[in-house]
Amino acid sequence: MPTVAPLDLEGHFVATHFLGEVPLFASAAGTIHRLDGGEKVTDAHEGLLTCIRDPYSATLLTGGEDGKVLRIAHDGSVTQLAEAPRKWINVVAGGPQGAVAYAHGRTSFVRLSDGTTREFPEERTVEGVAFAPKGLRIAVARYNGVTLHWVGTNGAPVDLDWKGAHTGVTFSPDGRFLVTTMQENALHGWKLDGKPGEARHMRMTGYPAKVKSLSWSVKGKWLASSGAPAAIVWPFSAKDGPMGKAPLELGTRANIMVTQVAFHPAEEVLAIGFVDGMILGVRIADGKEALLRRPGKGAITGLSWSATGKLLAFASEAGDCGVIDISA
């Protein structure tokens with residue numbers, strides 16, 4: 001049976017991530033709590049809006065109500081990457097070669113490792129940014145679609161249009177597909193590996209609520225999503241991805257909504273967090289479930305695996321955080 005080491009903190013927690021074997025918990029108030037031989041606290045922002053793990057380095061990237069973009073290392077040290085006074089930074093992304101993307105208003109920015117910054121204006125407010133897995137290229141989610149920009153060249157941007165408000169964006173690990181979360185209860189996708197200018201659409205609908213959490217499996221065969229009383233897991237291994245295929249529904253619980261999903265770093269095992277604080281682990285191959293945490297205070301707002309996949313950190317909107325030892 002997994003063992004749970006609880007961490008009862010004050011306030012709403014936005015995210016949790018591991019840097020190596022050290023779990024860090026980010027609060028909406030702007031503090032970063034890390035468990036590294038005891039609890040240690042870093043004051044990062046005056047109001048934190050987003051906190052992600054940079055996939056290209058062992059650091060966190062954060063944005064806040066104070067207009068700052070920060071890089072936070074596993075020892076709690078803070079590097080300021082950008083500042084936009086009186087702006088809210090709720091969109092950040094980590095890219096190759098030390099590049100970092102962020103956005104406010106109708107402009108996305110890419111800061112390169114040498115400190116130079118490129119601007120990419122849009123006609124509508126930027127809601128999400130993601131780096132492509134190959135090449136220095138970003139996807140910018142906005143109203144009525146996505147814009148693709150090459151960062152290092154002056155090539156023309158590519159518009160992928162689909163009516164509606166696109167609130168977040170992610171590339172598949174192999175770069176063949178692009179998927180957005182939407183303001184309506186749906187995902188939308190494009191298949192990118194056809195002929196130039198021929199991105200095929202994928203509609204992923206039927207959710208009872210908005211999708212707020214997405215996670216790709218280790219080899220990109222599956223995309224898990226929240227927004228239903230089960231984790232909705234779409235198949236992406238076929239040439240056309242999920243087109244014409246039904247998703248798996250894992251961890252179904254009557255009318256209790258899934259709020260967070262996180263795939264294991266090495267195996268096709270999915271951690272699922274619910275609105276009542278419960279956490280399940282489910283194996284894709286056979287749907288076998290393991291109870292990792294009983295219901296607790298507040299909806300699960302963050303789930304993160306350690307690099308070894310033996311530890312799972314969780315955060316909640318009520319400060320009810322902790323670490324689950326799966327190997328126990």
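This is a predicted model: local features need pLDDT of at least 70, side-chain atom pairs count only at pLDDT 80 or more; totals for chains, interfaces and linings use all residues.
Colleague: In the hairpin of E10 and E11, which residue takes a positive phi near 60 degrees?

Modeller: Residues are numbered from 1 along each chain as its sequence is written, and side-chain values use heavy atoms, with hydrogens and water left out. Strands here are DSSP runs of at least two residues (E), numbered from the N terminus. The hairpin has 5 residues between its strands, and the one with the positive phi near 60 degrees is glutamine 97.

Colleague: And what does glycine 94 have as its bridge partner in E11?

Modeller: Two strands pair if DSSP finds at least two bridges between them. E10 and strand E11 (residues 100-104) have 4 bridges, in the antiparallel sense. Across from glycine 94, the partner in E11 is valine 100.

Colleague: Are the residues on both faces of strand E10 buried or exposed?

Modeller: Buried means under 20% relative accessible area, exposed over 50%, and partly exposed in between (1.4 Å probe, protein chains only). On one side of E10 sit Val91 and Ala93, on the other Val92 and Gly94, and all of them are buried.

Colleague: Which residue in E29 stands opposite isoleucine 300?

Modeller: E28 pairs with strand E29 (residues 311-316) over 5 bridges, antiparallel again. Opposite isoleucine 300 you'll find serine 316.

Colleague: The side chain of glutamine 260 reaches which backbone oxygen?

Modeller: Glutamine 260 is in strand E24 (residues 258-263), and it counts as buried because its relative accessibility is 15%. Leaving out residues up to four places away in sequence, its contacts (heavy atoms within 4.5 Å) include Ser213, Ile300 and Thr301. A polar contact is a pair of N or O atoms within 3.5 Å; within protein, one must be able to donate a hydrogen and the other to accept it, and residues adjacent in sequence count only if both atoms are side-chain atoms. At 3.2 Å, the side chain reaches the backbone oxygen of threonine 301.

Colleague: How many disulfides does the count come to?

Modeller: A disulfide is a pair of cysteine sulfur atoms within 2.5 Å. For cysteine 51, the nearest cysteine sulfur is that of cysteine 321, 12 Å away. Cysteine 51 is buried at 7%, and cysteine 321 is buried at 0%. The disulfide count is 0.
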